[in-house]
Amino acid sequence: MKKTISTVLGACLIAFGFGAMAQNTAPQGENSAPSTPTRTASSGPSQAVQQALDKRMRTVLSSLEGVGAALSADMFSDEFSAQAKPEQVQQALKQLHDGVGACKLAGRIRANAPNGTSYLLDCQKAFVPVDIGVEDKAPHRIQSLFFGASYWRM
């Protein structure tokens with residue numbers, strides 16, 4: 001059952017766009033003019049993006065728990081929706097819930113990505129890491145969502 005949940009979630013919840021979050025490490029010449037400061041991947045999400053990440057994660061958690069509104073297409077970027085429909089995500093969340101039980105948000109891990117972060121869910125049967133990314137600009141739709149392998153309770 002554990003492998004089935006991971007396989008289904010891996011197939012249904014596409015981690016799209018995290019490659020774009022990698023830090024730009026192109027070298028600059030010694031004589032190059034100073035450039036305007038830009039936010040790099042090491043600076044992490046801006047306050048507005050972090051608030052959007054927290055909001056989106058709470059929405060996903062509510063959906064996982066079966067409370068609140070169901071996930072809708074307007075919550076996901078076009079690229080994400082091309083890979084997985086909200087109904088598929090909702091079904092994968094139900095399967096996850098069936099496998100690990102009720103969950104609550106245990107914490108957030110500060111990410112080095114400019115528009116993504118990681119959370120840890122504390123569920124009845126396991127701890128589940130979640131990576132989520134949103135678009136840089138409002139309305140900050142979800143562009144990546146990945147549930148990692150569960151850490152089963154002993």
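**View 1. The buried residues of helix α4 in a predicted model.** Here the buried residues of α4 are Pro86, Val89, Ala92, Leu93, Leu96, Gly99 and Val100. Buried means under 20% relative accessible area, exposed over 50%, and partly exposed in between, with a 1.4 Å probe and protein chains only. Seen down the axis of α4, these buried residues fall within an arc of 140°, so they line one face of the helix. The arc is that of the directions from the helix axis to the C-beta atoms. This is a predicted model, in which local features need pLDDT of at least 70 and side-chain atom pairs count only at pLDDT 80 or more, while totals for chains, interfaces and linings use all residues. Residues are numbered from 1 along each chain as its sequence is written, and side-chain values use heavy atoms, with hydrogens and water left out.

**View 2. The length of α4 and the residue just after it.** Helix α4 covers residues 86-100, and at 1.5 Å a residue its 15 residues should span 21 Å; the end C-alpha atoms are 21 Å apart, which agrees. The expected span is 1.5 Å times one less than the number of residues in the helix. Just after α4 comes Gly101, with a positive phi of about 85°. Helices (H or I, at least four residues) and strands (E, at least two) are DSSP runs, numbered from the N terminus.

**View 3. The disulfide of Cys103 and Cys123.** The structure holds one disulfide, a pair of cysteine sulfur atoms within 2.5 Å. Its partners are Cys103 and Cys123, with sulfur atoms 2.0 Å apart. The torsion about their S-S bond is about 100°, so the disulfide is right-handed. The pair links distant parts of the chain, 20 residues apart: Cys103 belongs to strand β1 (residues 103-109) and Cys123 to strand β2 (residues 116-123). Both Cys103 and Cys123 are buried.

View 4. Look next at β2, which is mostly covered, with seven of its eight residues buried. Six bridges join β1 to β2, and the two run antiparallel; strands pair if DSSP finds at least two bridges between them. Leu105 has Leu121 of β2 as its bridge partner. A hairpin connects β1 to β2 through six residues. Strand β3 (residues 126-134) is joined to β2 by seven bridges, again in an antiparallel arrangement. In this pairing, Leu120 stands opposite Pro129 of β3. β2 and β3 form a hairpin too, with two residues between them.

**View 5. Stepping back to the protein chain.** The secondary structure comes to four helices and five strands, and from the N terminus on the elements run α-α-α-α-β-β-β-β-β. Of the 154 residues, 41% count as buried. Among contacts (heavy atoms within 4.5 Å) between residues at least 6 apart in sequence, 59% join residues at least 24 apart.
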